[in-house]
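Please open the structure in your viewer and keep the selection tool at hand. The tour below moves from stop to stop, saying at each one what to select and what is found there.

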Amino acid sequence: MTDDSLGRPPGGTHRRRPAAPRRHGRWWAAGAALLVLAVAGCSNRVDIGAAGPTATQPAHSGGPLTVAVVTHGAPGDPFWSIVKNGAVQAGKDLKVKVTYQGSGVPQTQAQFIDAAVNQHVDGLVVSMANPDALKSSVERAVHAGIPVITINSGGDKSAEFGAITHVGQDETIAGRAAGARLADTGVRHAICVVHEAGNIGLTQRCQGAAQGLHGKLDTVQVNVNNLTQAQATIRAKLTADHSIGAVLTLNPAIATAAVAAESGTGSTAKIATFDLSGDVTTAIEQGQILFAVDQQPYLQGYLPVQMVKLYHDNANTVGGGQPVLTGPGFVTKANAARVADLAKRGTR
Amino acid sequence: MTDDTALLELRDVGKRYGPVIALADVSTAVRAGQVTCVLGDNGAGKSTVISLLSGVHRPDSGEILLDGAPMRFAGPRDALAAGIATVYQDLALVPLMSVWRNFFLGQEPTKRFGPIRRLDVRTARSVARTELRGMGIDLRDVDQPVGTLSGGERQAVAIARAVYFGARVLILDEPTSALGVKQAGTVLRHIAAARDRGLAVVFVTHNPHHAHPVGDRFLVLKRGRSLGDHTKGELSREDLTRLMAGGDELDELATELDRP
Amino acid sequence: MSAPAVRDERVAADHPVRRFLVRPELGALIGAVVVFVFFAVLSSTFRSAAGVANWLDPASTLGIMAVAVALLMIGGEFDLSAGVLTGTTGLAVTILATHFGLNVWLAVLLSLVLALAVGLANGYVVTRTKLPSFIVTLGMFLVLQGLNLGVTKLLTGNVLVGGLVGRSGFGSAHLVFASSVVLGGTYFKVSIVWWLVLTVLATLVLLRTRFGNWVFAVGGDAKAARNVGVPATRTTMVLFATTATAAWLVGTMTALRNTSAQADAGVGDELTFIVAAVIGGCLLTGGFGSAVGASLGALIFGMTSVGIVYAGWDADWYKLFLGAMLLLAVFANQFVRRYAERRRRS
């Protein structure tokens, strides 16, 4: 007796697949994907058309200076894109090669700093939302002889880590000023909308505002990556508590959300914000937002690049060990129109 | 060789599920080296017989005797420990896993002890290959996923597994029902192979054409009752078919359907 | 009844190549090599020792989680709370050591207990209610996300808890979890060592132990596995405890390295772990996959996130690149496996 389970293809012979066309389609897709990536990467190099070699070697020997800007801002954040614009413009004006990387995860930001140090950049510009997490990487940069300038957050640890100076706004001072301004208009109870958990700068703003207000200040947590949700949260707060006299936001996108949140709730709470955008200046012009505290992020991108160049060319250090303050500046109905044009350019 | 004491015996067994009488007064015996077929149409009570023999449920009346002594299984693990292996229709094979892994699933051979106890892969592979060869299957590769085997080959793996792990009684739940003619033939050969190795086989099916060639004893069920417990000598294939289909009823039906 | 000897000889010749081609990690291996060559060509720093240490770092913390998540996925379940749990454990360590003044090692131990409680809760609900683990762990994800923020603010008034440096036990704990190993003048984070050891361990368990066999079985067909006596419930519980322990390890490492913990840590990472596991050959339906593959997937992520910096690209393209990598790796896996199966039948 023969055993006919041998010699037959398992699973039966009736299954057939359309082999050729689908396989080729997959290869085309793969090739296209690689092509897109290569083009995408090339077209987004943030550097100047100096006729020098691409940065695979340390750029010291005659080529342009390289400055790495590594922030804690997520890609796509409107505030940080102004900082980036400032840095990029400084690079163009001063013929410096500027690269920009950002991540809200401290460990990732540290890895980006390490990468910059490995590439022997000529200057490092870092924002320190979580200074402790970046300490070893920043100190490693300093140790490697790279001039470090901190911007925006972490100013109180800047000198301790060995940075040349800090360019930014003292958040507590700015907060106090904002709180005081609100108090001047008769506000006794305000909410402070924090949009980024883990950022001490934002906490300092709210704490400063509480001090300046001499009234009641509640903090409300939202996520800047989910503006619809943020709007709903603010609206809920306004509807639930009618004693709120002002909403103080810390980010232009959140400010716009707050304006939308308030409409239709019957609340007459004033809205004020930190930081600018085109929408915010328009809203100030129209009277929907009372004022904006401007820390001039463009300067936080531009000035450090200039400082690095001066450090290299002329051994200059700026600040004398103290921070270089870019704010608070106040944008109100009085000066909003002028600033509005500039904000639409993405530089204010 | 037949033993006079049956390995497994059902004596006037009855089972109810709530108000439904699944089985009533059913008797049969299963002997080592013999195949007992349990036949019946859908709803006849075949699954209930399996669940009683494999220890999933307990009978409400009558007795189940193992080696002549009445026994009461607390659950399927008890039955398994007593040497009663059941191969269900879904075969309890994991399609994505290799043949040898499936073969030894739940009873993997190991070497060394304690925290560094490891699978004895070499033994597992060679034993799986040998046992399958004993069932007439020579697999190119015992590492191939079980899902790539034909239905008949998969049955062989399930049966070979039960045989290897010391089953004395092998209960097969409708092994040929989902297969084509040729593959069903293969499975019947496997059943014969298991029988020849001295196991007592309970072959549950609704197909008398499959049951007759390989069976030594036939229990025909209809709606929970036994239509007879016959040995092979007493029954031809036509008799068996007729018994299952309802005998006289079928004659009447034939007359009714005949063209005038 | 046995086959003629001729067939056996043909079988032996066919084996090694085909067996290699159907391995689940092949797609990930190809992907990793392609990505490495791609960036190595673009940047000499990428392939330097310092560069390698740089991109092995994110690969390691991601890899530890990817391996654990891969084991769970092979076992047929998902854990969407794994990412946020790394935040919870890090916060637990930091708060216990700073706010409550406990010795860092004690804080680390209590954090492990907390992680195991979460993992076993996940496992218990999944095995008891038979609800899809996707849903159950999604619920846990939201719970933990809320707890991370709420409890941290309640206890410390802040969303960033710092000050681990100088606490009793910090030095030794930092040494074990967050220090660097010097190799030929370059500093490699110790998490890389943990990652490699855990990958080897996971592979051994998966392929060379009874438990590993059970994992494949429970993921492939839980009913069949139970029918042959595999302890399915226990297996699933152990797998959830494994992802929780991995989350504890990564959370502890991060807290000790950053000497602080953030309330929003880990959120969003859970999908990255799953993507790394899928690149590594894990099927979403379970029953198939590889720990080595998941590690290779994590390696691809690590090389990409840092490689983009070395190549001077805009980091905005990171996600696009990753998406393309994922699709490429999965296509490669499928293509090669189908090819190998077809050859088997001829």
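Begin by selecting R217(B), which counts as buried because its relative accessibility is 17%, where buried means under 20% relative accessible area, exposed means over 50%, and partly exposed lies in between, with a 1.4 Å probe and protein chains only. The model you are looking at is predicted, so local features need pLDDT of at least 70 and side-chain atom pairs count only at pLDDT 80 or more, while totals for chains, interfaces and linings use all residues. Residues are numbered from 1 along each chain as its sequence is written, chains are lettered from A and ligands numbered from 1 in the order in which they are written, and side-chain values use heavy atoms, with hydrogens and water left out.

**Chain B**

Helices (H or I, at least four residues) and strands (E, at least two) are DSSP runs, numbered from the N terminus. D229(B), at 25% relative accessibility, counts as partly exposed.

Select D25(B) next, which is found in strand β2 (residues 20–30) of chain B. Although D25(B) is not a glycine, its phi is positive, at about 50°. Most residues other than glycine have a negative phi, and most peptide bonds are trans.

The C-alpha trace of chain B spans about 75 × 45 × 35 Å along its principal axes, and 53% of the 260 residues are buried.

**Chain C**

Turn to chain C and select R257(C) together with D57(C), whose side chains meet in a salt bridge (2.8 Å, N to O). This pair links distant parts of the chain, with R257(C) in helix α11 (residues 232–258) of chain C and D57(C) in helix α3 (residues 49–74) of chain C, 200 residues apart. Are these two residues, R257(C) and D57(C), buried or exposed? Both R257(C) and D57(C) are buried.

From there, go to K130(C), which sits in the loop between α5 (104–129) and α6 (133–156) of chain C. K130(C) has a positive phi of about 60° although it is not a glycine, and with a relative accessible area of 62% K130(C) is exposed.

Zooming out, chain C has 14 helices and four strands. Its C-alpha atoms fill a box of roughly 75 × 55 × 35 Å, taken along the principal axes, and of the 346 residues of chain C, 56% count as buried.

**Chain A**

In chain A, select R205(A) and E171(A), whose side chains meet in a salt bridge (2.9 Å, N to O). R205(A) lies in helix α7 (residues 200–213) of chain A and E171(A) in helix α6 (residues 171–184) of chain A, so the pair ties together parts that are 34 residues apart in sequence. R205(A) is buried, with a relative accessible area of 3%, and E171(A), at 4% relative accessibility, also counts as buried.

P328(A) lies in the loop between β11 (324–325) and β12 (329–331) of chain A.

As a last stop, select D156(A), which lies in helix α5 (residues 155–161) of chain A and counts as exposed at 56% relative accessibility.

Notes
Salt bridge = Lys/Arg side-chain N within 4 Å of Asp/Glu carboxyl O.
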